[in-house]
Amino acid sequence: MFAYAARRLLIMIPTLVLITLVVFLVVKLAPGNPFSVDQASSSGAAGKMDPVDYEALLQRYGLDRPWYVQYWRWLSSAATGSFGDSFSERRPVTEVFFGAPLKAYGGEGGFFAKTGDAFGRFLGSKLGATLLLNLLALFFMVIIAVPIGFRAAVKQGGWFDRVSGVVLYMLYSLPNFWVAVLLIILVGVQWKLLPFTGMHSDGYEAMGAAAKFADLLRHALLPAICLAYGSLAFIARFTRSSLLEVIRQDYVRTARAKGLPERTVLYRHALRNALIPLLTLAGILVPTLVSGSIIIEQIFAWPGLGQLYIKAIATRDYPVIMANAFLGAVVVLVTTLLTDLSYALADPRVRYE
Amino acid sequence: MSEKRRRPAGIWGKTLRRLRASKGAMVGLVFVTLLAAAAYFAPLLANNKPLAIRYGGELSFTAFRDLFPFHLFLEKDAVSLRLQQNPDWLLDLETLPDPKVDTCILPPIPYSPFQARLYDVNAPPSLGSRHLFGCDDRGRDAASRMLHGAKVSLLVGFLAMGVAAFVGVLLGGLGGYLGGWVDSAVVSRLIEVMMCFPAFFLILTVVAVMDPKYLNIWTIMVIIGLTGWPGMARYTRAEFIRLKEADFAVAAKALGANRLRIAARHILPNAMAPLLVNVSFGVAGAILLEASISFLGVGVQPPDPSWGNILQQVTLHWDSWWLGVFPGTAIFLSVLSYNLIGEGLRDALDPRLLR
């Protein structure tokens with residue numbers, strides 16, 4: 001299995017190169033560059049840049065070179081882990097994504113350095129914000145979906161099975177941006193129960209740790225629900241059909257025949273085996289979550305990678321776009337690989353050579 | 001023996017019979033058909049031009065002219081010209097009577113999708129004002145915009161999926177049938193690359209960086225189609241690999257048919273059934289994608305209406321709940337319909353259930 005994993009990791013390299021090349025070409029062949037876009041947005045003659053300065057800027061950032069030279073430069077520096085500086089944020093892309101390194105705070109300034117709060121520092125980064133949202137969504141999904149699927153399968157054909165079947169089917173077809181809009185209108189605007197923009201309330205910095213956590217959770221609740229419910233329906237339906245298949249297996253009949261209590265049969269023998277195919281879902285869910293984040297973060301003004309990406313496209317912030325595409329592709333590829341490998345771990349019959 | 005011997009029901013006959021028994025698929029089909037009719041006849045259902053009018057003693061059916069997209073009647077009639085100067089002319093007849101107008105029959109929704117009316121800005125839905133679904137922040141009637149926007153959603157579904165199916169079947173068929181390096185080095189790699197790149201990412205990037213000059217519903221459809229083919233290609237490839245060793249394909253080869261003929265006339269028709277299921281789900285996906293990118297403001301550009309960009313307006317005015325509820329319902333119902341049709345088709349085609 002080790003050799004298999006190593007081989008898969010090696011195949012990933014040309015795939016990654018191809019993906020980044022496609023994105024690079026799409027973005028480069030489009031009209032405009034970071035500096036011309038900047039000019040277009042500032043209106044009138046005052047916004048116009050001196051052509052000499054403009055050329056100098058292009059030259060300074062290597063944007064005057066042919067695209068293959070530019071791509072090669074990006075690729076070779078990315079290979080060493082350097083993704084360049086964001087044009088609009090004016091700091092390294094890695095810092096935007098993962099948060100500033102601790103030494104940047106130098107102990108004397110910076111709120112998080114003072115409290116020594118590494119977790120909070122990470123949350124302040126774009127990746128941290130997106131991860132928080134997605135992990136919360138994932139938590140909702142599994143906590144709610146598996147019991148629903150379980151109950152529906154155990155009492156197959158009962159009222160719960162039929163009602164949940166219809167409801168889950170509906171949920172699956174609901175566009176998540178529409179659910180976001182409806183939730184904001186109802187919960188946020190009409191009932192004023194939960195906040196629906198950004199990640200923090202005013203005065204967040206002054207709060208205590210518990211209040212901070214509660215505030216964060218309140219802000220994350222609505223977007224996380226929007227991210228979760230679609231895949232939730234998917235997982236619940238999947239759990240149900242998987243469990244139905246397992247219940248008919250011989251070993252379940254054997255377990256019943258030897259007089260084990262029904263609880264033990266269902267939880268120990270049936271459910272555990274039924275959850276193995278759920279691993280494949282991870283491979284499907286992660287890309288869905290990645291693209292779902294873009295639109296949901298935009299609606300809820302959640303300062304994560306998705307929102308950053310939309311802004312980066314609009315301002316032609318090449319390093320951010322490329323790093324984002326790279327990160328997205330790596331996440332998807334690695335999840336697929338882990339899914340395949342965990343199969344072998346969960347099911348001794350699966351062997352890779 | 002008589003010539004009229006009944007042909008045994010083939011796979012399509014059986015499928016159709018089973019599909020008709022599926023309640024969900026039928027509901028979906030009816031809804032989609034109604035929607036297509038509503039989209040086509042939108043100029044008669046929602047328009048500020050009259051269905052029939054006697055103006056200055058002359059009878060004309062102005063709204064019907066909009067049914068012909070290529071403007072067969074290039075010369076404008078007097079009513080159209082008058083409406084061009086004042087779009088609200090016929091709406092205001094009660095307060096500002098026009099002696100030249102004799103009889104006038106307006107469409108059920110007497111507003112055009114582009115007609116901005118100052119005193120209807122953010123008007124909530126009401127029967128009295130004939131704004132069934134309310135108005136947006138420019139006083140444009142939401143129901144009218146939704147009816148005219150339905151065209152975009154339906155066309156996107158079909159055209160984008162058409163492009164995706166064409167590319168997918170072509171590549172998948174090539175890879176599956178030819179095998180060898182064509183498959184392992186080109187087709188499979190391409191599929192892999194496209195699969196691990198969320199389509200939404202790529203579409204968003206392409207659409208956002210494109211020159212706005214070329215950004216219209218047609219290019220959006222093509223872009224959605226060009227990113228939607230990997231699923232199709234994977235299915236086609238698997239089917240071709242399975243079927244190229246089938247008896248009928250071998251028989252055709254023995255009879256001297258060339259490879260193109262075997263692939264196109266023998267294998268493809270037999271691979272059609274599972275592909276069709278895929279197409280149905282793909283249409284749902286394409287509608288959703290178009291709505292998403294229009295919602296983000298990079299898709300169909302206002303003033304052209306699309307369900308996605310009407311829905312976007314609610315994010316600027318959260319109090320106008322009607323702009324959130326109605327277009328979203330339309331998107332949801334059409335996506336649900338295509339999913340139901342796909343589900344029905346899949347069940348109808350499942351060989352384990354076929355009798």
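Trainee: Which residues is B:Ile203 in contact with, leaving aside its neighbours within four places in sequence?

Mentor: In this predicted model, B:Ile203 is in contact with B:Ile223, B:Ile224, B:Thr227, B:Leu289 and B:Ile293. A contact here requires C-beta atoms within 7 Å.

Trainee: What makes the set around B:Ile203 a nonpolar core, and how many residues has the largest one?

Mentor: A core is made of buried nonpolar residues joined through C-beta atoms within 7 Å. The largest has 152 residues, and B:Ile203 is among those with the most contacts inside it, together with A:Ala180, B:Met146 and B:Leu204. Helix H11 (residues 209-247) of chain A gives the largest share, 17 residues. Domain 1 (2-90) and domain 2 (126-314) of chain A each contribute at least three residues to this core.

Trainee: Which residues does the second, separate core include?

Mentor: That core has six residues, including B:Tyr177, B:Phe240, B:Ile262 and B:Ala271.

Trainee: Why is A:Asp85 called partly exposed?

Mentor: A:Asp85 has 17 other C-beta atoms within 10 Å. A buried residue needs 20 or more, and an exposed one has 12 or fewer. The value 17 lies in between, so A:Asp85 is partly exposed.

Trainee: Where is A:Asp85 found, and what does A:Asp85 touch?

Mentor: A:Asp85 sits in the loop between helix H4 (67-79) and helix H5 (93-98) of chain A. Not counting residues up to four places away in sequence, A:Asp85 touches A:Arg90, A:Arg91, A:Pro92, A:Val93 and A:Pro319. A:Pro34 is 51 residues from A:Asp85 in sequence and 13 Å from A:Asp85 in space, C-alpha to C-alpha.

Trainee: What separates the centres of domain 1 and domain 2 of chain A?

Mentor: Taken over C-alpha atoms, the two centres are 36 Å apart.

Trainee: How many residues does the contact between the chains take, and which classes are they on the side of chain A?

Mentor: Chain A gives 32 residues and chain B gives 32 residues. On chain A, helix H1 (2-29), helix H10 (176-190), helix H14 (278-299), helix H15 (305-314) and helix H16 (318-346) each supply at least two residues of the side that touches chain B. That side has 26 nonpolar, six polar and no charged residues.

Trainee: What share of chain B counts as buried?

Mentor: Of the 355 residues of chain B, 43% count as buried; for each of these, 20 or more other C-beta atoms lie within 10 Å. The secondary structure of chain B comes to 14 helices and three strands, and its C-alpha trace spans about 80 × 60 × 40 Å along the principal axes.

Conventions
Residues numbered from 1 in each chain as written. Chains lettered and ligands numbered in written order. Predicted model: local features only at pLDDT ≥ 70, side-chain atom pairs only at ≥ 80, totals over all residues. Contact = placed C-beta atoms within 7 Å. Helix = DSSP H or I, 4+ residues; strand = E, 2+ residues; numbered from the N terminus. Nonpolar A, V, L, I, M, F, W, Y, C, P; charged D, E, K, R; others polar. Domains from an automatic or database assignment.
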